[in-house]
Amino acid sequence: MYLIIPIIVLGLVGLIAAIILYACSKKFAVEEDPRLGAISEVLPQANCGGCGFPGCSGFAAACVNASAKGSLGDLNCSVGGPECMGKIADILGLAAGEATPKVAVVRCNGSCANRPRIAQYDGLMTCRTVNSCGAGETACGFGCLGCGDCVAACKFDAIHMNPETGLPEVDDEKCVACGACVKACPRFIIELRKKGKGKGMRIWVDCVNKDKGAAAKNACKAACIGCGMCEKVCQFDAVHIENNIAYIDQDKCRLCRKCESVCPQDAIHSNGFPKPVEKKKLADLLPKPKPEAEAAPAEQPTAPAAEAKPAENADNNNEQNKEA
Amino acid sequence: MKTFTFRIGGVHPDENKITAEVATKVAALPKQAIIPLSQHIGAPAKAVVKKGDKVKAGTLIAEAGGFVSAPIFSSVSGTVAKVDMAVDASGYRKPAVFIDVEGDEWEESIDRSDKLERLSDHPELTPEEIVNRVRANGVVGMGGACFPTSIKLTPPPTAKAEWVIINGVECEPYITADYRLMMEHADEILEGVEILMKAVKVDKGFIGIEDNKPKAIELFNQKVKFHPNIKVVPLAKKYPQGGEKQLVDAVVRRQVPAPPAIPVNVGAVVQNVGTAFAVYEAVMKNKPLFERYVTVTGKKLANPGNFIVRMGTPMKQLIEACGGLPEGDNKILAGGPMMGKALPTVDVPVVKGTNSVTILTDDDAKRKEPNPCIRCAKCVSACPMGLEPFLLATLSAHKDWERDEKEDIVSCIECGSCQFTCPAHRPLLDNIRTGKQTVMGIIRARAAEAAAAKKAAEEKAAQAAK
């Protein structure tokens, strides 16, 4: 008897509790789209926030919401890549959007050799702090501070400081373009750019210095001085100078590398091309006047002809103009 | 002599006031004055001169760029060379007006006589007129924060001023500019206090002076016999007594609540002695703010001294006037060793807020190697705002901004007492300052979002009404 009574009592308690639980689970059931769980399973669960949503569950919810509109649109999990997006599209019964793979690009070439140190900083070594204290150890108030906030922010071990240059370098293989380093950099030096075909064929301006030419050049040998040669040579309207700094629009750029070949400061850099670029003079690259030219390029011949001569000294001229 | 002081925290750094008894000299005019357009808290001023314009000392070269802003005047006579970028005390390149100096001609409207003008002789000066003159002459707080004075003199309608408290504390080590000013222009300062009192419509003024300046206390005690409404309050030496909130607590025993409250919410309008002097000159002599007292000091400096310096004079020139940079590793600070800002170059010009150029050499210039926190809580007892610096620093290092905000990081006055007192030499203030800036950014973004949402809702309501 000593054994039977407790068994019966406990059994009854268990039964009653089970009934209550069952009733509650039916009554207060939260209706969840079964696709949410399925999508969450295919997502990498890195919770990096690179997609712009709070974690992978947030992204899954966004995908389900987007499916109501019939397309995944711009949604992209850069960590999972096209494979993961394909699976999500299958779950939702949609066609997978084609996302261009991107990669983080550090736009500063202010290595120890290029950018002389003018002061010594011995406070807390984080980029945020150095940035709030002033220009840092060099005279460039825009370039990399080299304390590695981006390295600390990367969850994929894809960005490392190069001790020789003092600049961070991105590992193309490991970078998933989540954008954590972009957010971590207090000077907005890192940008997500198209990874490019093959071995990552891409071209970018390796400088963010907005100072005028002379000041930028004094601070750093590799600074963009905003001379505008790249802008002139570009046939695709992809390069523009704004605030004394060139910027290459990656949607318009056709990777012809003309801008790189004329840059007097070697501030334009490329990656993944089979051969290094040949240095050329601006005058040689500008389109020659053609008699049968169409309406659009018709106005071009006269302008470049006038510019062709000073082009050789464009660097000096620009310097003088800036200083004047 | 009974002395007062603030009740929470504080530290006692070495005074090192080596220039205290060095009489002030007038600094030589620079060859080229570099006058930054952002010398105050708030919107930068807008340049109204262009290359080739002739200016005199006192000519308006930039007008206020907004409500919280101040106009800027030429400090020299000559020709505008260019309006370009120049490195200022922030360490970054900011817009500035470059003036090539030719002679020293002043605007005729400035009264250059030494005659002491008494407020009682000028009944035409109404409070509004005083505030207008202060605003028009570009006077900002001379203690270092450079908040436009005219705004401080028009308190919000919710607050009522009861006293004017004048800050003659100069608690920062090394600096003696305010002390020299007090010793050399006591009458003008007291008239300035009377003017400030009239502007904010109060009849009680205090001048707080630390007891490490007994001569100043004695001098002012003699002079206030002619100013029955002003009282000299001797204060026990403690850093950061010159902080507004600490001074209010020390003098009138009232605690200013956490931001966004300001001293006027508890009835106090706090102004620096330098500001009182600048207000006197602006109101009585119609002289815009274009020169100030600057201490150039350092233990290894050959001839440290105090100077009356025109704004825009490069610090290099002042250092050379004192015997040039000493040998060894130097740290050049705009301000004192506690709150001063280290400069990357000596070409930085003197601006409205530059009270001192301090040069620390060798060991003084270097930080000590930080060690792990031993939880001694010295920083907690030193914090004059009653915060927990070790916690704020850790939270900021871990980017826990929400908790930072809960722990009241925005109350931090960045006085550096925590870092000074830390036996493990932790970079507490570095972390806290970063955290404070981030949290303030978050708060501003939130306010902007709320304002935008409110505006959108109002527009929607207006449309619905139509």
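**Figure 1. A:Asp251 in the loop between β7 (245–248) and α10 (258–262) of chain A.** Helices and strands are DSSP runs (H or I over at least four residues for helices, E over at least two for strands), numbered from the N terminus. The model is predicted, and local features need pLDDT of at least 70, side-chain atom pairs count only at pLDDT 80 or more, and totals for chains, interfaces and linings use all residues. Residues are numbered from 1 along each chain as its sequence is written, while chains are lettered from A and ligands numbered from 1 in the order in which they are written. A:Asp251 counts as exposed because it has 9 C-beta neighbours inside 10 Å. Between the C-alpha atoms of A:Asp251 and A:Gly272, which are 21 residues apart along the chain, the separation is 18 Å.

**Figure 2. A:Gly196 in the loop between β4 (190–194) and β5 (202–205) of chain A.** A:Gly196 has 22 C-beta neighbours inside 10 Å and therefore counts as buried. Its contacts, leaving aside neighbours within four places in sequence, are A:Met201, A:Arg202 and A:Gly272; two residues are in contact if their C-beta atoms, placed from the backbone, lie within 7 Å. A:Gly196 and A:Gly272 are 76 residues apart along the chain, and their C-alpha atoms are separated by 8.2 Å.

**Figure 3. Domain 1 (38–92) and domain 2 (102–289) of chain A.** The bounds come from an automatic or database domain assignment. A distance of 31 Å lies between the C-alpha centres of domain 1 and domain 2 of chain A. Five residues from domain 1 of chain A and seven residues from domain 2 of chain A form the contact. On the side of domain 1 that touches domain 2 in chain A, three residues are nonpolar, two are polar and none is charged. In this classification Ala, Val, Leu, Ile, Met, Phe, Trp, Tyr, Cys and Pro count as nonpolar, Asp, Glu, Lys and Arg as charged, and the others, Gly among them, as polar. Chain A as a whole has 13 helices and eight strands, and buried residues make up 38% of its 324 residues.

**Figure 4. Packing of helix α10 (residues 389–397) of chain B against α13(B).** Two packed helices are described by the angle between their axes and the distance between the axes. For α10(B) and α13(B) the angle is about 60° and the axes are 8 Å apart. Axes are lines fitted to C-alpha atoms, for helices over the stretch in contact, and angles run from 0 to 180 degrees between N-to-C directions. The two helices, α10(B) and α13(B), are therefore oblique to each other; angles under 35 degrees count as roughly parallel, over 145 as roughly antiparallel, 65 to 115 as roughly perpendicular and the rest as oblique. Residues of α10(B) in the contact include B:Pro389, B:Phe390 and B:Leu392, and those of α13(B) include B:Leu428, B:Asn431 and B:Ile432. Eight residues of this contact between α10(B) and α13(B) are nonpolar, four are polar and none is charged.

**Figure 5. The contact between chain B and chain A.** Chain B contributes 15 residues and chain A contributes 14 residues. Helix α13 (residues 428–465) of chain B supplies five residues, the largest share of the side of chain B that touches chain A. That side of chain B comprises four nonpolar, six polar and five charged residues.

Methods. Buried ≥ 20, exposed ≤ 12 C-beta atoms within 10 Å, placed from the backbone.
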